[in-house]
Amino acid sequence: LLSYARRVLELQAEAHDTLFGPQLAGRVRLGVPDDYASTYLTPVLRSFAHRYQGVEIELTCEQSTALIPRVARGELDLALVSRDKPQRGRFLFQEPLVWVGAAQFEVWRRDPLPIAVYESASLARIATISALARRRRAYRIVYHSSSLAGQLAAVESGLAVAALPHCSVPPQLQVLGTEHGLGPLAPMEVAVYRSRASRGSKAVDSLQNLLVQTLRQSGGARVTG
């Protein structure tokens, strides 16, 4: 009887593994910029939670410039980041940067151009300034914030235009282009960056593999929740 019960449990475990993956436990400390969180992370976490119910996800939302050193120090296990150098992490896809403004205010007509930007080390900020310099477009920084919510508030209230990842642009804002006097922006290279300290963790392995599989196959911007 005991051997029969043991075999039943083994078959149940095998069936679970076939449907949902191995029964993992533990914690994964994951970082993501809020620009990418809802569009790209939501479907991945939904799938992961369904497969691996015993794994706890500890999520940190910060800009890539803050997440990268935290992964390097081992404070985070994984992060979805806009990489600052070609060898940083495992490349997933390119995320377009676009100019956005509130149509009713037509801020793009002002001279100098009022802009909202992220913190000084931000790759999006560097791309913004570089694009304006190439067009010799005069500008002034009227607002800076490390959060996406802050950027959107500045644009929606008519204070400024901003350069944002295309995935984070809400429908109430207008995407701007050359017809508005704004040149193209260099895209962001999105990658999964993992800490050395997390090597050997099957929970981290599984989440990293799911991130790579989901976001590479979908081509990034085509992921939906």
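**Salt bridges in the predicted model**

Asp77 has a relative accessibility of 7% and so counts as buried (buried is under 20% relative accessible area, exposed over 50% and partly exposed in between, with a 1.4 Å probe and protein chains only). This is a predicted model, in which local features need pLDDT of at least 70, side-chain atom pairs count only at pLDDT 80 or more, and totals for chains, interfaces and linings use all residues. Residues are numbered from 1 along each chain as its sequence is written, and side-chain values use heavy atoms, with hydrogens and water left out.

Across the whole structure, a search finds nine salt bridges (a side-chain nitrogen of Lys or Arg within 4 Å of a carboxyl oxygen of Asp or Glu).

**Arg29 and Asp77**

- A salt bridge joins the side chains of Arg29 and Asp77, with an N to O distance of 3.0 Å.
- Arg29 lies in strand S1 (residues 26-32) and Asp77 in the loop between helix H3 (64-72) and strand S3 (78-82), so the pair ties together parts 48 residues apart in sequence (helices, H or I with at least four residues, and strands, E with at least two, are DSSP runs numbered from the N terminus).
- Arg29 is also buried, at 19% relative accessibility.

- Arg70 forms a salt bridge with Glu62, where the closest N and O atoms are 3.6 Å apart.
- Arg70 is partly exposed at 22% relative accessibility, and Glu62 is partly exposed at 28%.
- Glu75 also forms a salt bridge with Arg70, with the closest N and O atoms 3.1 Å apart.
- Glu75 is partly exposed, at 32% relative accessibility.
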